[in-house]
Amino acid sequence: MASHFPEGVELPEEDEGGIPVWLDLLLTAAITVAIVVAMRIFVADTYQVPTGSMLETIQLGDRLIGEKISYRFRTPVAGEVITFDDPTDPGVTLIKRVIATEGQTIDLIDGVVYVDGEALDEPYTLGKESNPIDRHALILDSDITYPYVIPDGCLWVMGDNRTNSLDSRYFGAVQVSTVSSRAVFIFWPFSDAGTL
């Protein structure tokens with residue numbers, strides 16, 4: 001069989017440490033996979049946005065990076081865009097903006113969001129009204145009544161596209177323990193790339 005190496009050059013069967021080349025390659029591949037998995041579990045992950053609930057901040061189909069380190073040392077704060085487990089559909093990840101945190105009181109009056117009696121300035125909604133969602137029309141068991149006090153260990157989240165977002169107005173406050181990351185950067189498509 002013809003060799004693809006110059007005459008006199010042979011592929012080593014062992015590296016300098018005495019490990020067979022095939023085993024060295026296998027160990028390198030395994031370590032690389034372990035590092036990538038650990039990074040995705042503990043440091044950052046990528047997400048694709050499947051709905052338009054965060055328009056115009058995040059477009060349908062955008063891909064973004066969510067970092068996981070900061071929430072190991074603190075809880076999310078109002079204004080941050082987060083990913084979390086869907087309370088109504090296990091295994092599905094949602095992305096919304098944190099509006100209020102535990103102990104705060106949320107109210108929706110004439111299409112405006114109030115937190116602890118103060119109207120929020122929310123330019124990211126592009127003026128769309130923030131009205132309660134008719135949960136009876138969606139055949140849900142209980143109503144969310146306003147003013148609503150956020151329970152301990154929970155967050156109130158809403159999509160920026162207020163007229164087309166199933167969020168805390170629909171499923172209630174979400175547990176902080178279900179938050180998976182803080183969305184920090186849209187990387188695809190390039191036309192939408194930027195920080196959040």
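How many bridges join β3 to strand β11 (residues 179-188), and in which sense do the two run? Three bridges join them, and the strands run antiparallel. This is a predicted model, in which local features need pLDDT of at least 70, side-chain atom pairs count only at pLDDT 80 or more, and totals for chains, interfaces and linings use all residues. Residues are numbered from 1 along each chain as its sequence is written, and side-chain values use heavy atoms, with hydrogens and water left out.

- Strands are DSSP runs of E with at least two residues, helices are runs of H or I with at least four, and both are numbered from the N terminus.
- Strand β3 (residues 81-85) is largely enclosed by the rest of the structure, because four of its five residues are buried (under 20% relative accessible area, 1.4 Å probe, protein chains only).
- Strands pair if DSSP finds at least two bridges between them; β3 and strand β4 (residues 93-101) do so in the antiparallel sense over five bridges.
- Val81 stands opposite Arg97 in β4, while Thr83 stands opposite Ser181 in β11.

**Largest pocket**

- A pocket is an open set of points on a 1 Å grid over the protein atoms alone, where a 1.4 Å probe fits, with protein on both sides within 12 Å along at least five of seven lines; lining residues have an atom within 4 Å of a point.
- The largest pocket has a volume of about 200 Å³, the volume being the space filled by probe spheres set on the points, which are joined across faces, edges and corners.
- Its lining has 13 residues, and Thr51, Ser53, Leu94, Lys96 and Leu166 lie nearest the centre.
- β4 gives the most to this lining, with four residues, and α2 (168-171) supplies at least two.

Key
Buried means under 20% relative accessible area, exposed over 50%, partly exposed in between (1.4 Å probe, protein chains only).
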